[in-house]
Amino acid sequence: MDTHIRKVYVPMTETGFYILLCLQQPMHGYGIVQKVRELTEGTILLSPGTMYGSLSKMEKDGLIVLLREEEKRKVYQLTDLGCEVLALEKERIVRLYRNMKEVR
Amino acid sequence: MRKKIMVRFFTIPEYERECLFLQEQHRQGWKLVSVYFPGIYRFEACEPEEVVYQLDFNEEGRKELHSYVQIFRDCGWEYLFSFMGYTYFRKPVKAMQQEEGIFCDDASRLDMMRRVFKSRMIPLVMLFVLVILPQTFLQASQRDGSLHSFLFYTYVVLFAFYLYIFVRFFLHYRRVSRQ
C-alpha cells in the first residue's frame, strides 16, 4: 500500500468506511445509500454528491472496481487493495472501541 | 405562464449564496428555468414552495451525465441543467426527513472546492500574475496621455476585482477546511 493511499484513507471518513463496508458485495451508489440508512436506522443519510465523488475517487485509487452498469447505475465491488484498506480501518475502529471501554 | 428574468452576479466561491438566492425566488413563487448567460437567470411563476437548490461542479460527472444524474434522481433530487461547469439540482423540503444537501460531509464539500479551484481559479491566477499585475504597474509608470490613464484605471479595477475574488475564495476555503 503506497503512502498516498495511507494518507487519504487511514483513517477515513465515515462515508468512506460505509462505502467500503457495503462494497464487499457488488452494489451501486444508491444501493449503498439505502443500505447505510437501514444499518444506522435512518441516522446517516449519504448524499448523492458525496457518494458520486467518493466512488469515482475510490475507483481512481484502485480501491473499488466497476463491474457493470444496470439501468444507468454503476455497480462496484472492492478490489484486493480495497479489502486491505477496509481491514486496516476495521482494526483501527476495534482498537478505538476497546480503548473506549478500558479507559475511564 | 408568467416569466421573469433576473440579473445577479456571483463570483466563483459564492455558489452557496447563489443557491440561497434561487431558494428565495422559489419561496416567492418563481422557479428557476434556465441560466442563459453568466448572471442571467430565467424564472417561471409557480406555487411558492420551500425548495433547496444545490450546485455541483464535477467534470467527470458531466462526461457520463446519465449515470451521474441517476444517483441524484434516486436520492430525490431533480436535475435541472448544466451551465458553465456547474450542475443545478433541486429538492423540495417536504420530501426531506432531515436537513439535506447534495454533500453530507466536509471532506466532500472541500473536494468540490478543490475541483472548482483547479478548473476555475488556476486560469484566473495565471491571468492575474501574467497580465493584470504587470499591466497595472506598467500603465502606472506610463501615465501621460488620456489613453494610458484609461488603461490604468481599467487595470486598477480589474486588479481590485481579482483580489476580491481571491480573498473571498481563500476565506471560504479556510472556513470549510476548519470545520
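This is a predicted model: local features need pLDDT of at least 70, side-chain atom pairs count only at pLDDT 80 or more; totals for chains, interfaces and linings use all residues.
In which hand, left or right, does H2(A) pass H4(A)? H2(A) makes a right-handed crossing over H4(A), where right-handed is said if the near helix is turned clockwise from the far one by less than a right angle, and left-handed if anticlockwise.

Residues are numbered from 1 along each chain as its sequence is written, chains are lettered from A and ligands numbered from 1 in the order in which they are written, and side-chain values use heavy atoms, with hydrogens and water left out.

Let me stay with the helices of chain A. Two packed helices are described by the angle between their axes and the distance between the axes. For helix H2 (residues 14–22) and helix H4 (residues 48–60) of chain A, the axes come within 11 Å and cross at roughly 65°; axes here are lines fitted to C-alpha atoms, for helices over the stretch in contact, with angles from 0 to 180 degrees between N-to-C directions. Helices (H or I, at least four residues) and strands (E, at least two) are DSSP runs, numbered from the N terminus. That angle makes H2(A) roughly perpendicular to H4(A), given that 65 to 115 degrees counts as roughly perpendicular, under 35 as roughly parallel, over 145 as roughly antiparallel and the rest as oblique. On the H2(A) side Thr15(A), Gly16(A), Ile19(A) and Leu20(A) meet Thr50(A), Met51(A), Ser54(A), Leu55(A) and Met58(A) of H4(A), contact meaning heavy atoms within 4.5 Å. By class this contact has five nonpolar, four polar and no charged residues, with Ala, Val, Leu, Ile, Met, Phe, Trp, Tyr, Cys and Pro counted as nonpolar, Asp, Glu, Lys and Arg as charged, and the others, Gly among them, as polar.

H2(A) also meets H3(A), and their axes come within 10 Å and cross at roughly 105°, which makes H2(A) roughly perpendicular to H3(A). Here Tyr18(A), Ile19(A) and Cys22(A) meet Ile32(A), Lys35(A), Val36(A) and Leu39(A) of H3(A), and by class the contact has six nonpolar, no polar and one charged residues.

Two backbone details in chain A deserve a check on screen. The peptide bond from Val10(A) to Pro11(A) is cis, with omega near -5°, and Pro11(A) sits in the loop between helix H1 (3–9) and H2 of chain A. Glu71(A), although not a glycine, has a positive phi of about 45°, and its place is the loop between strand S2 (64–70) and S3 of chain A.

On a 1 Å grid over the protein atoms alone, a cavity is a set of points where a 1.4 Å probe fits but cannot get out, and lining residues have an atom within 4 Å of a point. Of the 13 residues that line the largest cavity, Gly29(A), Leu55(A), Lys74(A), Ser67(B) and Ile71(B) are the closest to its centre, and H3(B) gives the largest share of the lining, four residues.

Finally, chain B has five helices and six strands, and along its principal axes the C-alpha trace spans about 65 × 40 × 30 Å.

Conventions:
On a 1 Å grid over the protein atoms alone, a cavity is a set of points where a 1.4 Å probe fits but cannot get out, and a pocket is an open set with protein on both sides within 12 Å along at least five of seven lines; lining residues have an atom within 4 Å of a point.
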